[in-house]
Amino acid sequence: MWVERLFRDLCSHVMALTNLPAGAEAGFMDREIRSGEGWSERLGTALATCRVFVPLFSPRYFASEMCGKEWFAFAQRAIQHEALSNQPAEAIVPALWVPVPPTQLPLPAERLQFNHNTFGERYVTDGLYGLIKLRGYAEQYESAVYELAKRIVRVAETVRLDPIRPLDYRLVPSAFGSPSSTARTLHITVAAASRHDLPEGRSPEYYGDRALEWNPYHPVSQRPIAYVAEDLVRNLNYQTSVGSFDDEAGHFDSKQPPTRPEILIVDRWAVEDEQRRQRLAAFDQESRPWINVVVPWNRYDHQSRAKETELAHRLEETMPVKMSQGRAACRAAANGVANMETLGQILPQVVEAAAQQFLRHAQVYPPAGSPTGGAERPRLLGPMGMNGPPPTPRAPFPPNAGGGGATAGAADTAGTAGVSGAASGPDDNDDNDRGDADDSES
């Protein structure tokens, strides 16, 4: 009820602020979809074509797996756009339905650079739900919704996300992780040459001054694959770090328990250098099942296509264990990831497989102190960041603080002038939660 009213009010403002023709749809809200009406297909189409995604932050929103899937599907599209254009694609405009403490935000929401304070003090302290429910705040509600609509229009007109093929968002992972995965970390290592130590005759156009600048999908992609992969993994609610295999090869110790899952991105051309090939072979002999392999392979690179069979065979000979493990996790990741779109689809599978192996091999730690008579039986603290009591909550929104560490949520996106939008969020007036898929707008 109340989310529908907000959606109607936003659409009305968007129509007034743009030149959309009368009767055009300014936005999309998946609450309009009911069972049996092709809701998954319609929602997938909206997420693949809308220009702005407006999540309505609330505790229920971040607890919703389906809302997390919607966020991931849209954010993946923005990451792909940035990789192809090398231009920022900040097309998520969050709105506060109910304020959420920063400590309860998943990392993708925490990273958003957004200043909620510009929408009014009452909006920050009570959220749109409080403003819409309390008659005394009608003026503050109208002001906040109007400012939100203006922000949506401005983003829609400045960030031009290209449509993509619709995904079945039910099959994508949640951007919010699992309820217990509050501080997950993952490391990405790149095994590639720089333009200064390439095999004889290899074109330098795919390489930079460092291994981390390797860009296998050049010229379609404008960003090195290490940083595209980092953005994709961050969108899975991970803290990430990136390094070069050449710099880290001497620091691996398989006798020590792992501290995080890892992804190794390998250029097949890397095995043309004998010293690097030997280091990769030695690495392969160490038992590290929590490190999964991804092999990008651009078939529009004529040199790579001409030597594909030879290089693939040599990499198999160099790293038979890792390549076998990689196929078990995701066959496409080890056999050759053909383009950026495919990378976005397979990387979550690779990350999940690495995380599962990490959990099997990582140490768990008993809680500090010893149990006393009558005390609760101690529980082991898991390896994925659950190694201490939660920090003391901070104030939800300090003065002049941006939304990058202080947001709370549900979701709503709207569009203008050829813009369609999406929003998802709980209706706190509805005691019958029909499922997360009905709690979002686009």
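In this predicted model, the side chain of Arg51 reaches over to the backbone oxygen of Ala156, at 3.4 Å. You'll find Arg51 in the loop between helix 2 (39-49) and strand 2 (52-57). Arg51 is buried and yet has no salt bridge: the nearest side chain of opposite charge belongs to Glu157, and that is 7.8 Å away. A salt bridge needs the charged atoms within 4 Å.

Elsewhere, charged side chains do pair up, and the count comes to 19 salt bridges. Here are some of them:

| Pair | Closest N to O distance |
|---|---|
| Lys150 and Glu147 | 3.3 Å |
| Arg165 and Glu341 | 2.9 Å |

Arg165 is exposed, at 58% relative accessibility, while Glu341 is partly exposed at 22%. Then there's a whole network, with Glu272, Glu274, Arg277, Lys307, Glu310 and Arg314 joined by salt bridges that share partners.

Arg122 and Asp126 sit 4 residues apart in helix 6 (residues 121-133), about one turn of the helix. Lys150 and Glu147 are 3 residues apart in helix 7 (residues 138-158), again about one helical turn. Lys150 is partly exposed, at 29% relative accessibility, and Glu147 is partly exposed at 25%.

Now for how two helices meet. The axes of helix 8 (residues 225-234) and helix 15 (residues 340-361) come within 10 Å and cross at roughly 55 degrees, so the two helices are oblique to each other. Helix 8 passes helix 15 in a right-handed crossing.

Notes. Residues numbered from 1 in each chain as written. Predicted model: local features only at pLDDT ≥ 70, side-chain atom pairs only at ≥ 80, totals over all residues. Heavy atoms only, no water. Buried < 20%, exposed > 50% of the residue type's maximum accessible area, 1.4 Å probe, protein only. Lys, Arg positive; Asp, Glu negative; His and termini not counted. Polar contact = N/O pair within 3.5 Å; in protein donor to acceptor, adjacent residues only side chain to side chain. Axes fitted to C-alpha atoms, helices over the stretch in contact; angles between N-to-C directions. Parallel < 35°, antiparallel > 145°, perpendicular 65-115°, else oblique. Left-handed = near helix turned anticlockwise from the far one by under 90°.
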